[in-house]
Each structure stands twice: as structure tokens, then as C-alpha cells.
Amino acid sequence: MSDNLALVSADRRELAINDLLESCLAELSQAASLAQVRTLRDKAEFFLHMARQLDLSREAQNKAAEFKLRTERQAGQMLAEVERDVGGRPEKNSLQPVTSYAKALDELNTTRVTAHRWQVEASVPEEQFEQHVADATASGGELTSAGLYRIAQIHEKQSKAQIPPPFKYCSVTN
């Protein structure tokens, strides 16, 4: 596939990548399983790599990166819904069965760190995510997972700062 793309002009390469991304976005909207989303995320990673290797425009690279971020966010949302171990000491023995979360990560061949990053990216509100994409596109900057992760951390700090303490402070008078 990459040999075929190397033989055509840059404009045609960008159109080809855009067409592939559009069809993958349609697949993403229909994806019902984590495995499907993971496959699309891997395709997104490939498209982004190809866009960089072929020295396509920043806009084309950002479209591939945007698709990658969308797949990571969807995977994060799906992973957040998977049942996790409740923790605590086991009743009879120390052997705990594998949780559905651990099983899902194993089937996806995904580490806990990667799954956590995807869930953090998914925690960014949709409006804020769309604004981040628009800002990166308008400024000509690079759209990255790291940038979205930083926004998620800022969002988390802001939401924690708005939560009132569980008790009211009172003054003690004699």
C-alpha cells in the first residue's frame, strides 16, 4: 500500500488518506466491540505514520491524528464500562479469578498504562475535545495524544477544585 502511495502526487496522496480516514470514521461509529475499536486505532496509527513518512501537509497529519484520538477516546469510554475487581481480601484463598477488565486488556494486547491514558483522554468533555482539535487545526500546530492528555489533567484539576469539601468549616468560640 505504501509503495502505491509513494508513486502518486502529494495532493492525490492526501486525498487517498482523507478517503481512507472518512471510511474508517464511519466504521468507528458502527464499532460495537473493543476489538473493533482497537483495530481502527491501529489503522489510525498506521495512517498517521504514513502521513508523516510521505511528508504530507500538517492538515493531513492532523486528520490522521484526530482519528487516532477519536478511537482512543472511544476505547477509553468502553474500557471505563468494563467490570473491575472490587478489591479486598479474598474469602477462601489468595487466588483471585481474572477480572473481565484484565481479560479485556489481555485480549486487546493493551497495557494498563495505555488503557488508563485512553480513559483519561475519554474524560475530556466532547466540547472541550472539539475545541482542542479546532485550535490545533487553526494554529497549524500538531495534534497529539500527549496534548489531549494534558488537557484532561487540567480538566480533572479544575473539576476537583470546584468540589466543595465534605464538611463546613466552622469557627470555634469560647
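Me: Helices are DSSP runs of H or I of at least four residues and strands are DSSP runs of E of at least two, numbered from the N terminus; how many helices and strands does the chain have?

Reply: This is a predicted model, in which local features need pLDDT of at least 70 and side-chain atom pairs count only at pLDDT 80 or more, while totals for chains, interfaces and linings use all residues. Residues are numbered from 1 along each chain as its sequence is written, and side-chain values use heavy atoms, with hydrogens and water left out. By that rule the secondary structure comes to 8 helices and 0 strands, and the pattern along the sequence reads α-α-α-α-α-α-α-α.

Me: Why is F67 called buried?

Reply: A residue counts as buried under 20% relative accessible area, as exposed over 50% and as partly exposed in between, with a 1.4 Å probe and protein chains only. F67 has a relative accessible area of 2%, and is therefore buried. This residue belongs to helix α4 (residues 58-80).

Me: Which residues does F67 touch, not counting residues up to four places away in sequence?

Reply: Contact means heavy atoms within 4.5 Å, and on that basis F67 touches L21, C24, L25, L28, L40 and A44. The C-alpha atoms of F67 and K43 are separated by 9.4 Å, although the two residues are 24 apart along the chain.

Me: What makes E72 and N62 count as buried?

Reply: E72 has 2% relative accessibility and therefore counts as buried, and N62 at 6% counts as buried too. Both are in helix α4. Leaving aside residues up to four places away in sequence, E72 touches R41, W118, E121 and S145, whereas N62 is in contact with A136, G141, E142 and L143.

Me: At what angle do the axes of helix α6 and helix α8 cross?

Reply: Axes are lines fitted to C-alpha atoms, for helices over the stretch in contact, and angles run from 0 to 180 degrees between N-to-C directions. The axes of α6 (residues 112-122) and α8 (residues 145-161) come within 8 Å and cross at roughly 65°. H116, R117, V120 and E121 of α6 make this contact with S145, A146, L148, Y149 and A152 of α8.

Me: Why is D55 called exposed, and why N109?

Reply: D55 has 64% relative accessibility and therefore counts as exposed, and N109, at 66%, also counts as exposed. D55 lies in the loop between α3 (34-53) and α4, and N109 in the loop between α5 (100-108) and α6.

Me: What is the phi of D55, and what is that of N109?

Reply: D55 has a positive phi of about 55° although it is not a glycine, and N109 likewise has a positive phi of about 55° without being a glycine. As background, most residues other than glycine have a negative phi.
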